[in-house]
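Hi,

Here is the structure I promised to send over. Have a look at it first, and then read on for what turned up.

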Amino acid sequence: MKKTKNIIVLGLASLLIMSSLVGCSTTKEISEQNNESQIKVGQVITKKPKYVFLFIGDGMSHTQVNAAQVYNGTIKNKDKVKLEKLGFTQFPVIGNATTQNATSFITDSAAAATSIAGGVKTQSGVIGLASDKKTKTETIAEKLKKEGYKVGVVSSVALNHATPAAFYAHTKSRGNYYDIAQQMANSNFDYFAGGALLNSKGLDKKQKDTFDILKEKGYKITNDKDEIMSLNSESGKVYAINPQIQDSFAMEYSIDSDKDSIMLNNFVKKGIDVLDNEKGFFMMVESGKIDWAGHANDAMTNISDVSELDKAVSEAVKFANKHSDETLILVTGDHETGGMSIGQATTGYDTAFDILENQKISYVEFNELLNKYKEKTKEKDAKLEDLLPIIKENFGLITKDDKDVAKKDNKNLVVSDHEYKKLQDAFKETMKEKDKRKEDEVIYGNYEPLSVTLTHIMNNKAGIGWTSYSHTGVPVPVYAMGASSEVFNGSYDNTDIFKKLVEVCGLK
């Protein structure tokens, strides 16, 4: 009986080995016959993506992602410790990318985006060139354009800002905005959308307007909402500019938008309509103001923009659901900004993210309210008490003398004596001319003193900490789904995002 069993087992093993060999042979034959759609990466046969989405949350790392999940979960589940997960965190593949550049473990956006777009390490401030500031990269967008893909670049900030520029421009300095804009016009990419342009007429405003050059190159330029919403695959080359521009030619923060605002997800949806074609497309989408809110240590504004990015990603997922074996979606960050933490010294092992729900506007919009007050009030006549109603309305913070102090929901929003002293000190600095203020970057980070002090108080009460007004060197997550997504699993460098895309797309 034992001998019979061994014979059966050996027979089954032989069958398994034979079927395995046949399977390998079949896979190889299919690969050879259909190398247009299948690419061999290492020992894995992967599906070549026809449609590629690359989402970059500028300044977004693990903490920014989870802060949004903690906030959304806190608001939805008042008395429970439960995350409300973002859609892209549910992607089946997750990687982890290091972000150092050629000269520092803490990168800037230009060098980081150059690594992602072109696969090389370079110096901070450099776009599309290697660390020698001479050798040009060929970006993934440029490579795919040569292969017949249509290409789109979308950003919530100016389209000639560092991250979007890294996909089409090559220059020694990210500050060469006019030169970058000329390269944008000459890129022949099919779809630009989001923010406007910095220095479209040059620093001296005497150069030929870039918008005129774009028109000469065949681009339809529109900032009309109805026109933007009617764009389609017959529209030709397009530059769609959000009609509601806020600071530095960028789109509004999500927290400052209204029901009539065109949001990042709208530009992704329109991009799909414009770019959709038989040969495929590549779309890079940046949520650039996650970074700006991180620089300003404005947690609620940061969280809102991360959630808005998730909505934009969902448009790509809807498209992928109709083209499941042909679409690759990647979501990552270029670096972390602000040294954000979930947990702060004054709250110990606790958080109170529901406090953030009382913040109604970003630091930028509050600055506007401050400017109006400063315009009509002399420094010697200014009193913090004048602004307490505005602070209460927009941040929910109240003093112990406020008439609503006894209300149950307000107990965590009462400003302590120590916090009030901080507000008074910051208010005095805010009312001074900028060249007469105390040079204390550690306290205010060159931001409006009262605004940043208000967000710090809100953050501290909620249980959020910050270590910096600059970038940090922590790794960033890479979420992936769709065709060849398994290649993006594991831990690697940000230059490998480019290299992996080149491999799975069958490029050289």
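Let me begin with Lys-133, which is partly exposed at a relative accessible area of 30%. (For accessibility, buried means under 20% relative accessible area, exposed means over 50%, and partly exposed is in between, with a 1.4 Å probe and protein chains only.) Lys-133 is not a glycine, yet it has a positive phi of about 60°. You will find Lys-133 in the loop between helix H3 (109-118) and helix H4 (140-146). Helices (H or I, at least four residues) and strands (E, at least two) are DSSP runs, numbered from the N terminus.

Before going further, a word on the ground rules. This is a predicted model, in which local features need pLDDT of at least 70 and side-chain atom pairs count only at pLDDT 80 or more, while totals for chains, interfaces and linings use all residues. Residues are numbered from 1 along each chain as its sequence is written, and side-chain values use heavy atoms, with hydrogens and water left out.

Asn-199 also has a positive phi, of about 50°, although it is not a glycine. Asn-199 sits in the loop between strand E6 (191-194) and helix H7 (210-216), and at 27% relative accessibility it counts as partly exposed.

Now to the charges. A search of the whole structure finds 26 salt bridges, where a salt bridge is a side-chain nitrogen of Lys or Arg within 4 Å of a carboxyl oxygen of Asp or Glu. Here are some of them:

- Glu-419 forms a salt bridge with Lys-461, with the closest N and O atoms 3.2 Å apart. Glu-419 lies in helix H14 and Lys-461 in helix H16, so the pair ties together parts that are 42 residues apart in sequence. Both Glu-419 and Lys-461 are buried.
- Glu-138 and Lys-143 meet through their side chains in a salt bridge (3.2 Å, N to O). Glu-138 is partly exposed, with a relative accessible area of 28%, whereas Lys-143 is buried at 13%.
- Asp-404 and Lys-403 form a salt bridge between their side chains (3.4 Å, N to O). Asp-404 counts as buried at 12% relative accessibility, while Lys-403 counts as exposed at 73%.

What about a buried charge that has no salt bridge? Asp-291 is one: the nearest side chain of opposite charge, Arg-174, is 6.5 Å away. In that search Lys and Arg count as positive and Asp and Glu as negative, while His and the chain ends are not counted. The side chain of Asp-291, which lies in helix H10 (residues 289-295), does make a polar contact with the side chain of His-471 (3.3 Å). A polar contact is a pair of N or O atoms within 3.5 Å; within protein, one must be able to donate a hydrogen and the other to accept it, and residues adjacent in sequence count only if both atoms are side-chain atoms.

The largest pocket has a volume of about 610 Å³. Of the 24 residues that line the largest pocket, the closest to its centre are Lys-422, Val-442, Ile-443, Thr-453 and His-456. Helix H14 (417-431), helix H15 (441-444) and helix H16 (449-462) each supply at least two lining residues, and H16 gives the largest share, six residues. By class, the lining of this pocket divides into seven nonpolar, nine polar and eight charged residues.

There are also three cavities of 30 Å³ or more. The largest cavity has a volume of about 70 Å³, and among the residues that line it are Ser-156, Met-251, Tyr-253, Asp-305 and Glu-308. Its lining has four nonpolar, three polar and three charged residues.

For those terms: on a 1 Å grid over the protein atoms alone, a cavity is a set of points where a 1.4 Å probe fits but cannot get out, a pocket is an open set with protein on both sides within 12 Å along at least five of seven lines, and lining residues have an atom within 4 Å of a point. Ala, Val, Leu, Ile, Met, Phe, Trp, Tyr, Cys and Pro count as nonpolar, Asp, Glu, Lys and Arg as charged, and the others, Gly among them, as polar.

Best wishes

Notes. Grid points are joined across faces, edges and corners, and a volume is the space filled by probe spheres set on the points.
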